[in-house]
Amino acid sequence: MERFKVLVVDDDKEIRDGIEIYLKNEGYDVLKAGDGSEALRLLEENEVHLIILDIMMPEMDGIQATFRIRDSRNIPIIMLSAKSEETDKIHGLSVGADDYVTKPFHPMELMARVKSQLRRYVRLGTYTDTGGETRVGGLTLNPESKELLVDGEPAKLTPIEYRITELLMQNAGRVFSINDIYERVWNEQAYNADNIVAVHIRKIREKIEADPKNPRYLKVVWGIGYKIEK
């Protein structure tokens, strides 16, 4: 069985070391970095399956690092921050994070989120669909490569963005409520999910729509939810 490698990025050594202990107890290999620049160097030299990334760090913070990481990688990113305001959470998700944990946190909660993100990541990487590609207009979803093509060009989707797009495209024309989307994609009970889902929907539109403000595919049904137009 493959051992997953997790990169922990935090400028606080005690936090890095504490997270490492729990990750190793769960059977994960661990790499550690003190800022975003060091994290990027480690990513170039190692195969990493998930990143735990603090937002507030010197040299290069978590937001800047996420931008850089998302240029070439879709591995899951869990952001850490001492800030609990909803706007900080939305900011982290909007730049490409898959999940968000507020400090101080219970270590077992973080481990549960690590396991959840890795389960999704593995499923996206190994799942095959004998039904073949799903096509809606100029959108083509390939279940084997886990790739979305927009008019023949690949769209760089994060794992969460891919799962939302997959759900909506495979059920084209069906309207899903925000809670439905959250519970099917995150595999958790929805709680204050409106902004979280809305941020990911906006990011998907930016990647698949010629004019995100007047979307052709990803439509909102006011008061109900979202759908991919047939």
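## Overall architecture

Helices (H or I, at least four residues) and strands (E, at least two) are DSSP runs, numbered from the N terminus. By that definition the protein has 8 helices and 11 strands. Its radius of gyration is 18 Å, close to the 17 Å that the globule rule gives for 230 residues, so the protein is as compact as a globular protein of that length. That radius is taken over C-alpha atoms, and the rule is 2.2 Å times the number of residues to the power 0.38. Along the principal axes, the C-alpha atoms fill a box of roughly 50 × 35 × 30 Å.

This is a predicted model: local features need pLDDT of at least 70, side-chain atom pairs count only at pLDDT 80 or more, and totals for chains, interfaces and linings use all residues. Residues are numbered from 1 along each chain as its sequence is written, and side-chain values use heavy atoms, with hydrogens and water left out.

## Burial, contacts and charge

Buried residues make up 51% of the 230 residues. Buried means under 20% relative accessible area, exposed over 50%, and partly exposed in between (1.4 Å probe, protein chains only). The protein exposes about 11,500 Å², and carbon and sulfur atoms supply 47% of that area. Accessible areas come from the Shrake-Rupley method with a 1.4 Å probe; for residues, only the protein chains shown count as cover.

Contact means heavy atoms within 4.5 Å. Take the contacts with a separation of 6 or more: residues 24 or more positions apart account for 57% of them. On charge, there are 33 positive and 40 negative side chains, and the centres of the two sets lie 4 Å apart. Lys and Arg count as positive, Asp and Glu as negative; His and the chain ends are not counted. Each charge is placed at NZ of Lys, CZ of Arg, CG of Asp or CD of Glu.

## The annotated Asp-54

An unreviewed UniProt entry places the feature "modified residue: 4-aspartylphosphate" at Asp-54. UniProt positions are given in the numbering used here, feature names are shortened, and annotations may be inferred rather than shown by experiment.

Asp-54 is found in strand S3 (residues 50-54). At 3% relative accessibility, Asp-54 counts as buried. Setting aside residues up to four places away in sequence, Asp-54 touches Val-9, Asp-10, Asp-11, Gly-62, Leu-80, Ser-81 and Lys-103. Pro-104 sits in the loop between strand S5 (99-102) and helix H5 (107-126).

Glu-59 has phi near 65°, a positive value in a residue other than glycine. Its loop runs between S3 and helix H3 (62-70). With 70% relative accessibility, Glu-59 counts as exposed.

Lys-146 is not a glycine, yet has a positive phi of about 55°. The residue lies in the loop between strand S7 (139-142) and strand S8 (147-150). At 16% relative accessibility, Lys-146 counts as buried.

## Two further loop positions

Thr-158 lies in the loop between strand S9 (153-155) and helix H6 (159-169). Its relative accessible area is 2%, so Thr-158 is buried. Beyond neighbours within four places in sequence, Thr-158 is in contact with Arg-70, Asn-74, Gly-96, Asp-98 and Lys-207.

Gly-27 lies in the loop between helix H1 (13-25) and strand S2 (29-33). Gly-27 is partly exposed, with a relative accessible area of 27%. The C-alpha atoms of Gly-27 and Glu-59 are separated by 31 Å, with the two 32 residues apart along the chain.
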